[in-house]
Amino acid sequence: MVQRQKMTKGEKTRQRLLDAAEELFAAKGYELTSLRDVAGLAGIREPGIYNHFTNKQALYERVLERALQPLVDVIAETMLGDGGEPDLIALPGKISDLLCEHPAMPGLFHQALSSSGSAGREEDSMSEWLARLFEQGSALWAHFGVREQDRTRVTVRMVMLFNVVTGYFLAQKVFDHTGAGDLMSKENLAEQKRLLTKVMTLFSLER
């Protein structure tokens, strides 16, 4: 049996900082989140942040990488694998599972997509990740038989799935209003993934 190596005290502190930053960036936005806010939520003094990150931008970029690289990887694995159509149908559910580990990220996605005006470095960083994900999505549909030249069809599918998958994690107030409980509960997540499977099956049939 392989045992996982225990994290050092410094590694645990770094993870707490990333968790706190992810939550605050999503709730307040980049500009309104200070390193003091992050340190307070993580339970350390502000100067301690600089043992792990050089500045707020570096912290933000690491927050994005930690959450978004696994999404990039799972899309790439779907294209490289030999599971065929079932792998395509299962992909949104896998992405949902990954977002369960970082449920604040959808808030950051939608902030970036709805922002207007000149972009700062942080918006550039998120835009680069989103562009990468959408490019992969386009390649994925082409890989599974949707014509690359049909840009409107591919784009609408990607936007629809993006909104269905990420929007779920922004809807806790709806669950509260209807008395449906926690959107992160096992039962509610299972229902969301069941519906995602239906949508992907329909897309597959329409190909």
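Predicted model: local features only at pLDDT ≥ 70, side-chain atom pairs only at ≥ 80, totals over all residues.

Me: Is phenylalanine 53 buried or exposed?
Reply: Phenylalanine 53 counts as buried because its relative accessibility is 5%. Buried means under 20% relative accessible area, exposed over 50%, and partly exposed in between (1.4 Å probe, protein chains only).

Me: What happens at the start of α3?
Reply: A side-chain oxygen of asparagine 55 comes to within 3.2 Å of the backbone nitrogen of glutamine 57 there.

Me: How far apart are the end C-alpha atoms of α3?
Reply: They are 36 Å apart, and that agrees with the 36 Å its 25 residues should span at 1.5 Å a residue. The expected span is 1.5 Å times one less than the number of residues.

Me: Where in α3 is the kink?
Reply: At leucine 68, shortly before proline 70, and the kink is about 35 degrees. The bend at a residue is the angle between axes fitted to the seven residues ending there and the seven starting there.

Me: What about α4, where does that one bend?
Reply: α4 bends by about 40 degrees at leucine 91, with proline 92 following within four residues. Helix α4 covers residues 85-100, and its 16 residues reach 24 Å from first C-alpha to last, close to the 22 Å expected.

Me: Which residues in α4 are buried?
Reply: Leu88, Ile89, Leu91, Pro92, Gly93, Ile95, Ser96 and Leu99. Serine 96 counts as buried because its relative accessibility is 3%. Setting aside neighbours within four places in sequence, serine 96 is in contact with Val165, Phe169 and Leu196.

Me: New topic: which residues touch the most other members of the largest nonpolar core?
Reply: Leu59, Met105, Phe109 and Met126 do, in a core of 55 residues. The largest share of this core, 10 residues, comes from α3. A nonpolar core is a set of buried Ala, Val, Leu, Ile, Met, Phe, Trp, Tyr and Cys residues joined through side-chain atoms within 4.5 Å.

Me: What does methionine 105 touch?
Reply: Not counting residues up to four places away in sequence, methionine 105 touches Glu22, Val63, Leu64, Ala67, Leu68, Leu99 and Met126.

Me: How many aromatic pairs does the structure hold?
Reply: Seven. Rings of Phe, Tyr and Trp (its six-membered ring) pair if their centres lie within 6.5 Å; planes under 30 degrees apart count as stacked, over 60 as edge-to-face and the rest as tilted. The rings of phenylalanine 109 and phenylalanine 162 have centres 5.9 Å apart and planes at 45 degrees, so that pair is tilted.

Me: What does that pair tie together?
Reply: Phenylalanine 109 is in helix α5 and phenylalanine 162 in helix α7, so the pair ties together parts that are 53 residues apart in sequence. In another pair, tyrosine 168 and phenylalanine 169, the centres are 5.5 Å apart and the planes at 90 degrees, so this one is edge-to-face. There's also a cluster, with ring pairs linking Phe25, Tyr30 and Tyr60.

Me: Last one: where does serine 125 lie, and which side chain does a polar contact join to its own?
Reply: Serine 125 lies in helix α6, residues 121-143. A polar contact of 3.4 Å joins its side chain to that of glutamate 61. A polar contact is a pair of N or O atoms within 3.5 Å; within protein, one must be able to donate a hydrogen and the other to accept it, and residues adjacent in sequence count only if both atoms are side-chain atoms. Serine 125 counts as buried because its relative accessibility is 11%.

Methods
Residues numbered from 1 in each chain as written. Heavy atoms only, no water. Helix = DSSP H or I, 4+ residues; strand = E, 2+ residues; numbered from the N terminus. Contact = heavy atoms within 4.5 Å.
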